[in-house]
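Subject: Handover of a structure and its contacts

Dear colleague,

Please find the structure below, for your files. My notes on its chains, domains and interfaces follow it.

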Amino acid sequence: MKVARAVFPLVILTLALSCNLMAQKMKIEPALDTATQVITQQPPIAPLNLFAEDTPDDAGNSMDIRWDLSADDSADVTNYQVLRSDSPDGPFVVVGGTTKGQGSFTDNTVKPGQKYYYKIVAQGAPLTDSTFVSSESTVFGPAISSGQWFNTRRSNVLLWTLVLSASVIFFIYRAKSGGKLYIRKIAGIDAIDEAIGRATEMGRKVFYVPGINDMDDVQTLASIAILGRVARIAAESDTYLEVPVSKSLVLITARETVKESYSKVGRPDSFREEQVHYVTDDQFGYAAAIDGMVVREQPATMIYMGAFYAESLILAETGNAAGAIQIAGTAMPAQLPFFVAACDYTLIGEELFAASAYLSREPKLLGSLKGQDVGKALFLASIILGIIIEIVTKVDFQWLLRVS
Amino acid sequence: MKKIIPIIVLLILFVIALFNKSQLEMSAGVSILVTILLGIAMIVVLILTISGRSIERRIVFLFIGVSLILPFFMNFTLPLQVSPEVRTLYDALAKLPKGSKVLASYDYDPPSAPELQPMGDAFMKWAFRHDIKVIIIGLWPQGPLQANLSVNAALADPEIAKHPPKYGVDYVNLGYQSGNEFVIQGMGTSIRSKFPSDLYNTPYDSIPLLRGVENFSNIDFVFNLSAGYPGTVEWVQIAVDRFGVPVGAGNTAVQAPQVYPYVESGQLTGLLGGMSGGAEFEKITKEPGQANTFLLSQSFAHVVVIGFILIGNVALFMGKTKRRPPIG
Amino acid sequence: MQFDIGIWIGALLTLGIISFLYKDNIIYKISEAIFVGVSAGFWFIALFWDNLYRVFWIGVFPAANTNAKPQYILFGGVILGMLMLSRLLGNKVGWISRWPLAFIVGATAGLKLITYLASNALSQINATVGNFVGAVNQPTFAGLVAASTIAIGTFCGLVYFFFSKEHRGWFGGLATIGTWFLMVTFGASFGYTVMSRMSLLLGRIDFLLSDWLHLIK
Amino acid sequence: MRREIPLIITFIAGLVFVVQYFIPHPPFDAFEQVFTNWFAIVQAFAIWLGALSLMKFSMLKIRRKQKDWFMSVIIIVGFVVMVAYGAYDGFAGMHASPTYSFRDAGTHFDWLYQNIYTPLTSTMFALLAFFVASASYRAFRARNLQATLLLIAGILVMIGRVPIGDWLTSFMPAHYQASNLATWIMNFPNAAGQRAIMIGIALGTVSTSLRIILGIERSHLEG
């Protein structure tokens, strides 16, 4: 049975592969269009129906311009030039252009509220290096651009934002008022207590590494929240917690957080400023310094939470060689395999964001996880519904998901 | 005694560094012999591991070091297939008529140079040889300086040196501009506004190559070398999606997996991924360079890493490797 | 005799860092200390010129020959920065530094909430649905298999991340399939990362063998 | 009040930066870039605190004559040298004609960058090659189905990206050769897994951000 379970996906994979590859083989290259062009010295027929209007859903700095392609588009035209003026009589200046076959252009250089006049020049064969046979469309104008107060193309995102926020807030309040919540075990977070306990027994340090991104990354914010809980456990068990950081703003925030945790458990005097210290902004300088500290001070526990890049494995392998218990959490997909390989426990992606809530065990924070799950359920439903609805009814379900 | 060994090794290296003038090269026979020896050593490791004596990690380090260094002295090349995404990029470049203007954005710094510099060098040589005009910029501070290294490498080529490209006419280096993706956005309207002067403070308007170059509509192709943010993703999202200029890119291997979806969707015109992408590009542009000499070492290293994974696993199933006791 | 002091320093520092692989030693310690000091200084200066000078100073006092308008709004950043430094004046005033911090944290939270929702979640779901519908509308067997691989993988992968439901029964089964896909993803990242890292080491070896020892061309 | 004001600031800032996404009208359209610029400026201010922390930490070691206190001296010297030359080159460059930047080739700063900073950072980066190998030997074990899948995918991709892979599988038809298998893995199962992770992260971000904006998660502002 076990063997069958192991072999099954492989069989599927092989089947899928072979089908895919066979089909790729059967693809036929489209024949090349070999029609040759004869360049004439006649000016091309002028483009018609020029139209310009304010670009919708923007700040008012652009204008959409459309025209019907010249009847000679496929033969004589080489390109179109878009000309603009403040008055119908000119002077007109070139604001841009398109290649043949393209009958629309967005002028990004307009000021809102001002009147503009446009015309299009279809250019034909070159006469000299800089002059062409060409013909002009009639002038269109005036067109005025303006800014809008709501981007209607984003109303679907607004809808999602409201629904997700509402579900998170709803469950936070329900949890606050005593509603029961089940949250599955997250092994990596459960291990934090034990890992710090081990450091206490061994009388060694705990290192907390908050990643190398600055405060403008939500992973760092999540990491600081986890640090708050970890510092509390460390303070309670009187274990020395050291936090080397690589960004100055993180230094300030982390120091405040740790200090606060110490005073919350009634040990403000045990906190020392140098517990949280800045090393360098540099990714590998930071890694080199932590490597040195780990080898020389032999911490019992290393906790990595936040945004990590290539340094993840340098840190985790050195910590491993030093015999530390290691717990990692990051939302960087490329680094996860290495944390999984070199650490004892790893929080994968979304679990990092759940960690502080899970650690705190506060109902309102746990409630937000439940709200998050509602969002996930909605996303899963939209994958299935989206596929079914679009295939069966041809209704544009994807409107709900399109981002622009 | 143990303490003296590193000092002796260091001294030998110093002597070589100071006085050596001759280059080492192994003959084919020696190369094969060395490879076989390396294989035998791996088998010894396998036997040791199965019998429960896991080797120290320093020995693993030694293996990697040796298997990367030795191929540098070997003199044979491996057959190389050019993958479709590299071919797409080359085809797009090869289709450009003489005198086309290509914007080369070097968005990386020295630590990523081993992977990206060979691509840059090959591109620059190819462009100069085929009379393609190159406009260099960088969204990373060190990028334009890396580009200058590529230019120098190209100018050192004897054939190109016969008809050297002129600065300001055939190529220009506009330097670095801060602002990440907002720079690309701004270039869509006016390149001049983002790069008022070149790297050497020559005003934009007095550079002959840039006459008539207003924005992306005057650029025929964008060649981007990227090691992260800002990089290929931003070029695709802004230059391709909003301004419609074709972009082809070279990426570090770490970044390439995240960029693959754009190749699949056709937004990105070809992708060179990591060292092997660089080697394939060198092959198809017929500009052999560093990536090709590195590729043998790269192959060795992959095989050794795979070997270690297999050894570890064979030992798991057959042997008595101790597992780490669970904590608690 | 070829002697370039820069290359020698570079080579010694390179060996110093690599020696850490054998064990921690005095040369590594020195290299590490140089690294920490020099890189902290590098970023200090880089932030000074790139952020303070290029972004702020040039933004507020643009050069005369460009027709850029002075952006006085940039003073907002300076005010935040000053408030941040109030911490240096001791605890009496230092609490004010929490205000700019609160602003930065709040703005980051707001900004990332919306951009992640839009470009990470919605556009990825959209692409999954789009792939599948596209494959059905122009059916080829390979296309269908590919699109279903992606749809099933994304679906089950998401199921794995559920926190408030126990992973048991059919639900647990889906979550398990999800972990398979996650593992293949990790494997692929792993493979590419190995390739990248080996290339970087090759770069250093090339530097030592060629620039320093002149053993190869 | 001292506790409330930061929470109010967080709430308002969070709300404004959510709302700006939906308003294309000025001044909202520029908010994101303004924040980016402000953040850059704040970073430049904040690094004074970081540098001070580093100096203090190092001084402390020297004063207490802790083990390896001499390394702290090197750290301080390295920092001061880099900053001094960077500042000098920057100012000198502004007043020279033609002007140059502190980063340009030929400056002292560039010399330090090329010959000290670059070898160090590149080599540290390159150490990863060794660590990857030792992790492969020690940790990547096919303990269960999941781990086996990881390994198979990893090996296929690794072998598919070097010529040896195609050479080893050259007995197979072209489409089954290692490089094509690797490409297939990258494009489909890998893409699916990446998507699931990305969507999960997005939800985590939304929920964490909401907790922060609503002031429920406030460990960073307390005290």
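Into which domains is chain D divided? Chain D consists of domain 1 (1-66) and domain 2 (69-134), with bounds that come from an automatic or database domain assignment.

Before the details, two conventions apply. This is a predicted model, in which local features need pLDDT of at least 70 and side-chain atom pairs count only at pLDDT 80 or more, while totals for chains, interfaces and linings use all residues. Residues are numbered from 1 along each chain as its sequence is written, chains are lettered from A and ligands numbered from 1 in the order in which they are written, and side-chain values use heavy atoms, with hydrogens and water left out.

Domains of chain D

The C-alpha centres of domain 1 of chain D and domain 2 of chain D are 26 Å apart. Their contact (heavy atoms within 4.5 Å) takes 9 residues from domain 1 of chain D and 6 residues from domain 2 of chain D. Between these two domains of chain D about 730 Å² is buried, and carbon and sulfur atoms give 84% of that area. Buried area here is the accessible area (1.4 Å probe) that two parts lose on being put together, summed over both. Within domain 1 of chain D, the residues that lose the most area to domain 2 of chain D are Met55(D), Ser58(D) and Ile62(D), together 52% of what that side buries.

The count of salt bridges between domain 1 of chain D and domain 2 of chain D is 0; the term requires a side-chain nitrogen of Lys or Arg within 4 Å of a carboxyl oxygen of Asp or Glu. For polar contact, the count between these domains of chain D is 1 residue pair (both at pLDDT 80 or more). A polar contact is a pair of N or O atoms within 3.5 Å; within protein, one must be able to donate a hydrogen and the other to accept it, and residues adjacent in sequence count only if both atoms are side-chain atoms.

Chain C

The secondary structure of chain C comprises 7 helices and 0 strands, where helices (H or I, at least four residues) and strands (E, at least two) are DSSP runs, numbered from the N terminus. The radius of gyration of chain C, taken over C-alpha atoms, is 27 Å, well over the 17 Å that the globule rule gives for 217 residues, so chain C is more spread out than a compact globule. That rule is 2.2 Å times the number of residues to the power 0.38. The C-alpha trace of chain C spans about 65 × 60 × 45 Å along its principal axes.

Chain C is divided into domain 1 (1-72), domain 2 (91-138) and domain 3 (139-217). The C-alpha centres of domain 1 of chain C and domain 3 of chain C lie 33 Å apart, and their contact takes 7 residues from domain 1 of chain C and 6 residues from domain 3 of chain C. The area buried between domain 1 and domain 3 of chain C is about 670 Å², with 79% given by carbon and sulfur atoms. Across this interface of chain C the rule finds 0 salt bridges.

Chain C with chain D

In this interface, 107 residues of chain C are in contact with 105 residues of chain D. The two chains bury about 10000 Å² between them, 84% of it on carbon and sulfur atoms. Phe42(C), Phe44(C) and Trp49(C) supply 7% of the area that chain C buries against chain D, more than any other three residues. There are 2 salt bridges between chain C and chain D. The side chains of Asp50(C) and Arg103(D) meet in a salt bridge (2.9 Å, N to O). H2(C) provides the largest share of the side of chain C that touches chain D, 28 residues.

Chain C with chain A

Here 57 residues of chain C are in contact with 67 residues of chain A. Chain C and chain A bury about 5700 Å² between them, 74% of it on carbon and sulfur atoms. Leu122(C), Phe163(C) and Phe186(C) supply 13% of the area that chain C buries against chain A, more than any other three residues. The count between chain C and chain A is 4 salt bridges. Glu256(A) and Arg98(C) meet through their side chains in a salt bridge (2.9 Å, N to O).

With kind regards
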